[in-house]
Amino acid sequence: MSLREGQTVHVKTMVPTGHCRTPYYLRGKTGTIEANLGAFLNPEELAYHKSGLPKKVLYRVRFDQKHLWPRYPVTRDTLVADIYEHWLEPASGTAKKSAAPEAGVTAKPKKAKPKAKAALPKRAAAKAKPKTKRRVAKPKRRTAQTKRRAAKTGTGRRARTRANARRTAPGRRR
Amino acid sequence: MSAAPPAMKSQIRAQNDLGGEPAGPVAPDAHEPTLFEKRVDAVFRLLVEPPVSLFTVDAQRRVFETVPAEVYKTYKYYELWLESIRLLLIEKGVLSQAEIDAKIAALDRATAPAAVQR
């Protein structure tokens, strides 16, 4: 299976019995492929002293915070997670499909956010007008409110950085 | 405030997979690495990196995440590392628990004050 940038995907609602790398809160959720990070030995196999072959493609997937956490206070925030291919499936034939937003994704990274919004067409349309005014106030609110929130839920940038640090830490720190 | 499907609740969710669970604010405890922490880190690296390559970071994570709940909740981070190293050394047949116990007892005897020794 090969997924392309901009493609809408579902995270499978699998319930593995062993070690796995897909956080619980993302299972069953819908996101957008941001990048193909290459193929890696499967950590879920390496964890059991196996070879880790065949390699699995790791994708960077972007999610709407509002989609992950219904009570999330801000609409524009997104969360990025690295997820292995065997946890993902194309979200074709779903109501949430965001009409194949392929063009210019890599060239204009800013497009990622509006695109995530396209997953919720009605809300996005409803909020299209007041957006201009809101944008002015946004940056401040983001730092104060969102960070606190993220600290609480363990989903913010810090949490991600920590998770990444831990993942690469044992051999690499210092 | 977990929004995941309710059918997957509790028994399936790994104890380390806490994202979204109510937990209060994060209390960062920044400090210089202690000697104990540095030693655990050193032992870990010697075991993981070539030429030893006894187990992978992934295996360590698996063991780390599956310790009994009391252990997971009460041990500090590097204590959990050490515990996972112990479990992996046994799992890979490098040491037995009996050997570890014997060594600890010997060290206790060697370092105990003379008056306390029997």
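Let's start in chain A with A:Arg27, which sits in the loop between strand 1 (8–11) and strand 2 (30–40); strands here are DSSP E runs of at least two residues, helices are H or I runs of at least four, and both are numbered from the N terminus. This is a predicted model, where local features need pLDDT of at least 70, side-chain atom pairs count only at pLDDT 80 or more, and totals for chains, interfaces and linings use all residues. Residues are numbered from 1 along each chain as its sequence is written, chains are lettered from A and ligands numbered from 1 in the order written, and side-chain values use heavy atoms, leaving out hydrogens and water.

So is A:Arg27 buried or exposed? A:Arg27 is buried, at 4% relative accessible area (buried is under 20%, exposed over 50%, partly exposed in between, with a 1.4 Å probe and protein chains only). A polar atom of the A:Arg27 side chain lies 3.0 Å from the backbone oxygen of A:Thr22.

Staying in chain A, strand 4 (residues 78–84) has 6 of its 7 residues buried, so the rest of the structure largely encloses it. Strand 3 (residues 56–64) of chain A pairs with strand 4 in the antiparallel sense over 7 bridges, pairing needing at least two DSSP bridges. Across that pairing, A:Phe63 stands opposite A:Leu79 of strand 4.

Now over to chain B. Helix 2 (residues 57–65) and helix 4 (residues 77–91) of chain B have axes that come within 9 Å and cross at roughly 110°; the axes are lines fitted to C-alpha atoms over the stretch in contact, with angles running from 0 to 180 degrees between N-to-C directions.

Notes: Polar contact = N/O pair within 3.5 Å; in protein donor to acceptor, adjacent residues only side chain to side chain.
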